[in-house]
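Hi,

Here is the structure I promised to pass on. Have a look at it first, and then read my notes below.

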Amino acid sequence: MVLDDLGSSLRGTLDDLRGKSRIDKADVDEVVKQIQRSLLQADVDVGLVMGLSDSIKDRALNEEPVAGTTARDQVLKIVYEEMVGLVGDSTEIPLESQTIMLAGLQGSGKTTTAAKIAWWFSKKGLRPAVIQTDTFRPGAYDQAKQMCERAEVDFYGDPDGNDPVEIAREGLEATADAEVHIVDTAGRHALESDLIDEIEEIDTVVDPDLSLLVLDAAIGQGAKQQAQEFEESIGVGGVIITKLDGTAKGGGALTAVNETESSIAFLGTGETVQDIERFEPNGFISRLLG
Ligand code: GDP
């Protein structure tokens, strides 16, 4: 991690340690305070922040620095390693035939993300298809269809259908030529039992290799309950954070990662089909601390 990636106040605090060969408790407390401030501002759960703080303090005060390492470099190394532990590695996405199902609340960005992921796979040389099973939200069909046309990927949906499970079944058949199936599901304004029942039924029919929970970067503490419920009903293999082109830093999504013992797969960075990135710990850490 380069120092430039850190927030300016943290960078300054670490730079103050430059001349020191040994770090004391007051120094560590100051560094940890800066990190806590940034992470809490970025919506990271307070419990996660406290756990991280304890680990950094413990290691910084007890680990013997490698010979020749300055106190500053030693602390920087520990902070970096602990931050990587907090945000995790990117969800593994094999470049092979597979079925991915998207889950999340209405407005989280599922439909947009389905087309984006399809575009991403098509750029990797695989043939994707999006299956739109959201019969709940007016406009979901048209939106998905248009985005898939823009992404130049196969699309299946039924504008007159009202049985998402049936649409999922038909969609898989109709797009049998595709290598990667991306199944979009309906969201709700809040977690309602009919939503959970519906997605469980779709899950049974689709039998996805991977279910990804789509979360708006501004999610904050609401992530916990959503993650728990979707984990219990369909099993969450990874998280997607959308709308990272806005001001929200997406730290709340780490709660979902923690709750589901999963990792972050993709980041959404805009409204068009190309605005998708694979999650990469370094960039995300800089963003959280910046
Ligand atoms: P769904 O209800 O979960 O299917 O959500 P949509 O895909 O319809 O997205 C809801 C709104 O968020 C739409 O206006 C999208 O254009 C917008 N959106 C989705 N992803 C992103 C993103 O990464 N950045 C921005 N700025 N907007 C996004």
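Below is what turned up, grouped by topic. Bear in mind that this is a predicted model.

Let's start with the strands. β5 covers residues 210-216, and six of its seven residues are buried, so the rest of the structure largely encloses this strand. It has strand partners too. β1 (residues 98-103) runs parallel to β5 and is joined to it by four bridges; in that pairing, M101 stands opposite S211. β6 (residues 238-242) also pairs with β5 in the parallel sense, this time over five bridges, and here L212 sits opposite G238.

Next, the surface. There's a patch of negative charge there, where D163, D197, E200, E201 and E232 gather. Which helix gives the most to this negative patch? That would be α8 (residues 193-206), with three residues.

Finally, two loop residues to look up, each with a positive phi despite not being a glycine:

- D43 has a phi of about 75 degrees. You'll find D43 in the loop between α2 (25-41) and α3 (46-62), and at 27% relative accessibility it counts as partly exposed.
- E152 has a phi near 55 degrees. Its place is the loop between α6 (140-151) and β3 (154-156), and with 71% relative accessibility E152 counts as exposed.

Cheers

Technical notes: Residues are numbered from 1 along each chain as its sequence is written. This is a predicted model: local features need pLDDT of at least 70, side-chain atom pairs count only at pLDDT 80 or more; totals for chains, interfaces and linings use all residues. Side-chain values use heavy atoms; hydrogens and water are left out. Patches are made of residues with over 30% relative accessible area and no salt bridge: like charges are joined within 9 Å, nonpolar side chains (Val, Leu, Ile, Met, Phe, Trp, Tyr) within 5 Å. Accessible areas come from the Shrake-Rupley method with a 1.4 Å probe; for residues, only the protein chains shown count as cover. A salt bridge is a side-chain nitrogen of Lys or Arg within 4 Å of a carboxyl oxygen of Asp or Glu. Lys and Arg count as positive and Asp and Glu as negative; His and the chain ends are not counted. The place of a charge is taken as NZ of Lys, CZ of Arg, CG of Asp or CD of Glu. Buried means under 20% relative accessible area, exposed over 50%, partly exposed in between (1.4 Å probe, protein chains only). Two strands pair if DSSP finds at least two bridges between them.
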